[in-house]
Amino acid sequence: DPLFLHFEVVPDHLPEGLKSMVLKFPPGTLQFEIGIQTFNEEVQRLISRRQNNQQTSENLRWLAEHTHAHLHADLIFGLPGETRESFAEGFDRLYALKPDEIQLGILKRLRGTPIARHTGPYKMVYDSNPPYTLLQTATLNAETVQRISRFARYWDLIANSGRFKQTLPLLLNPPIQSSFNEFLQFSDWLWRTTRKTQGLTPEALVDIHFNYLTEIKAIAAAEVRNALLNDYLASGARSNPHALQGVLPKRPPRSKKQVQLTERQTMHLV
């Protein structure tokens with residue numbers, strides 16, 4: 001019978017017995033939630049998080065290269081002592097390990113959790129309303145927190161959605177000095193251009209990518225359009241973005257009996 005299993009995984013603990021079991025699962029049946037939070041060892045110490053970063057990296061690399069598991073790894077922005085630069089280093093390290101999704105969360109102060117002990121020493125300011133989202137810290141001003149909040153939203157729409165698998169490398173290349181900084185530049189430009197983090201349709205995002213990649217990054221229009229065309233067709237979308245007018249093939253009308261759209265995870269399957 002159809003089966004989809006979802007597990008949380010301790011990132012630096014992947015014994016050989018578990019590896020052998022994971023190898024038996026076919027594509028589309030297994031998802032791992034992998035809580036990284038941070039690769040910054042000083043921040044890990046402050047939040048009493050014991051994590052072997054080298055083993056974590058080796059385990060993630062093995063899972064990405066040898067299994068069909070859908071890998072959903074998370075980072076938390078705003079932990080005490082974290083700076084934008086150290087977070088960028090952690091993001092780049094995680095991105096290079098090629099998980100299917102990188103979930104970026106902004107720190108929240110849950111009532112009764114130990115994070116409260118750092119509020120004074122690290123000048124951590126939270127929204128007074130639920131879910132008590134971080135506003136700023138001693139090392140992260142309010143503007144930076146807002147920038148990364150938008151970054152996280154755009155990353156989810158573009159990278160985590162799986163809709164731009166061929167276009168994303170163009171966005172982050174050439175050459176990658178820092179995948180985080182490359183996407184942050186795009187995120188800042190997108191915010192200045194649209195003033196939106198909601199209501200961006202797949203068609204709008206196609207045109208946004210085309211404009212940014214051809215005008216700001218000066219990549220040849222034919223190369224950008226080809227990547228966007230392949231991504232748009234693979235996504236199953238059926239409208240007509242401005243950047244792809246005249247190049248989209250004619251498609252037969254949708255059958256009334258067609259099953260619902262496939263789940264998000266299938267967008268990441270090769």
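Colleague: Which residue in β3 is the bridge partner of E33?

Modeller: The model is predicted: local features need pLDDT of at least 70, side-chain atom pairs count only at pLDDT 80 or more, and totals for chains, interfaces and linings use all residues. Residues are numbered from 1 along each chain as its sequence is written, and side-chain values use heavy atoms, leaving out hydrogens and water. Strands (E, at least two residues) and helices (H or I, at least four residues) are DSSP runs, numbered from the N terminus. In β3, E33 has as its bridge partner H72.

Colleague: How many bridges join β2 to β3?

Modeller: Two strands pair if DSSP finds at least two bridges between them. Strand β2 (residues 30-37) and β3 run parallel, and the number of bridges joining them is 6.

Colleague: Through which helix does the chain cross from β3 to β4?

Modeller: β3 is also joined to β4 (residues 101-106) by 6 bridges, and these two strands run parallel. H72 has E101 as its bridge partner in β4. The β-α-β crossover between β3 and β4 is right-handed (clockwise from the first strand over the helix to the second, with the strands pointing away from the viewer). The helix, at residues 84-96, is α4.

Colleague: Why is β3 largely enclosed by the rest of the structure?

Modeller: Buried means under 20% relative accessible area, exposed over 50%, and partly exposed in between (1.4 Å probe, protein chains only). β3 spans residues 70-77. It is largely enclosed because the buried share of its residues is 6 of the 8.

Colleague: What is the relative accessible area of L46?

Modeller: L46 lies in helix α2 (residues 41-46). L46 is buried, and its relative accessible area is 11%.
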